[in-house]
Amino acid sequence: MCIRDSMTTATEKDARTIAWEKDPENAKWLQAMYTKHLGRDVCVEGLEYWLNDLKEGATRTEVLSNIMLSPEYACAQKGGFYVHKTQMCVSKDSIYAELNK
């Protein structure tokens, strides 16, 4: 869902805060699901996307099911890092090997 895989900018933090404030209860739940199942914070795009799904009538169970069907979730289950820009799962071992060259 995230367009960028880099550090969050001030503008993105502002957008995330605005999205969060529209539905804080579901935003808090989404953050917990991202942390538990993807191992990261929910990004602006993901937050807006899933909050809209919930607003349109999707249940939390349906949203979580869809998150767990994502390539990012499959990658996280293998212990990798999902790179949205390239839509690739990169293993931690390959990253560590590259850093230790």
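Colleague: Let's start with α3 and helix α4 (residues 60-68): at what angle do they cross, and within what distance do their axes come?
Modeller: In this predicted model, the axes of α3 and α4 cross at roughly 145° and come within 9 Å.

Colleague: And is that crossing of α3 and α4 left-handed or right-handed?
Modeller: The α3 and α4 crossing is right-handed.

Colleague: Which residues make the contact?
Modeller: On the α3 side you have W50, D53 and L54. From α4 come R60, V63, N66 and I67.

Colleague: How does that contact split by class?
Modeller: The contact of α3 with α4 has 4 nonpolar residues, 2 charged and 1 polar.

Colleague: Nice. Now the other pair, α2 and α3. What are the angle and the axis distance there?
Modeller: Helix α2 covers residues 24-38 and helix α3 covers residues 44-55. They pack at about 125°, and their axes are 10 Å apart.

Colleague: What do you call an angle like that?
Modeller: It makes α2 oblique to α3.

Colleague: Which hand does the crossing of α2 and α3 have?
Modeller: That crossing is right-handed.

Colleague: Who's involved in the contact?
Modeller: N26, A27, W29, L30 and Y34 are the α2 residues. They meet G46, L47, W50, L51 and L54 of α3.

Colleague: How many of those are nonpolar, polar and charged?
Modeller: The contact of α2 with α3 has 8 nonpolar residues and 2 polar ones, with no charged residues.

Colleague: What about the accessibility of Y49?
Modeller: Y49 is at 39% relative accessibility, so it counts as partly exposed.

Colleague: Switching topic: where does W20 sit?
Modeller: W20 belongs to helix α1, which runs over residues 10-22. W20 counts as partly exposed because its relative accessibility is 25%.

Colleague: Leaving out residues up to four places away in sequence, which ones does W20 touch?
Modeller: With those left out, W20 touches A27, K28, Q31 and L47.

Colleague: How far is W20 from E48?
Modeller: Their C-alpha atoms are separated by 8.5 Å, and the two residues are 28 residues apart along the chain.

Colleague: You mentioned Q31. Which helix is that in, and what does Q31 touch?
Modeller: Q31 lies in helix α2. Not counting residues up to four places away in sequence, Q31 touches R16, W20, R40, D41 and V42.

Colleague: Is Q31 buried or exposed?
Modeller: Q31 counts as buried, because its relative accessibility is 12%.

Colleague: Zooming out, how many helices and strands does the chain have?
Modeller: There are 6 helices and 2 strands. From the N terminus on, the order is α-α-α-α-α-β-β-α.

Colleague: What share of the chain is buried?
Modeller: Of its 101 residues, 29% count as buried.

Colleague: And what share of the contacts comes from residues 24 or more positions apart?
Modeller: Among contacts with a separation of 6 or more, residues 24 or more positions apart account for 54%.

Terms used
Residues are numbered from 1 along each chain as its sequence is written. This is a predicted model: local features need pLDDT of at least 70, side-chain atom pairs count only at pLDDT 80 or more; totals for chains, interfaces and linings use all residues. Side-chain values use heavy atoms; hydrogens and water are left out. Axes are lines fitted to C-alpha atoms, for helices over the stretch in contact, and angles run from 0 to 180 degrees between N-to-C directions. Helices (H or I, at least four residues) and strands (E, at least two) are DSSP runs, numbered from the N terminus. Angles under 35 degrees count as roughly parallel, over 145 as roughly antiparallel, 65 to 115 as roughly perpendicular and the rest as oblique. A crossing is left-handed if the near helix is turned anticlockwise from the far one by less than a right angle, and right-handed if clockwise. Contact means heavy atoms within 4.5 Å. Ala, Val, Leu, Ile, Met, Phe, Trp, Tyr, Cys and Pro count as nonpolar, Asp, Glu, Lys and Arg as charged, and the others, Gly among them, as polar. Buried means under 20% relative accessible area, exposed over 50%, partly exposed in between (1.4 Å probe, protein chains only).
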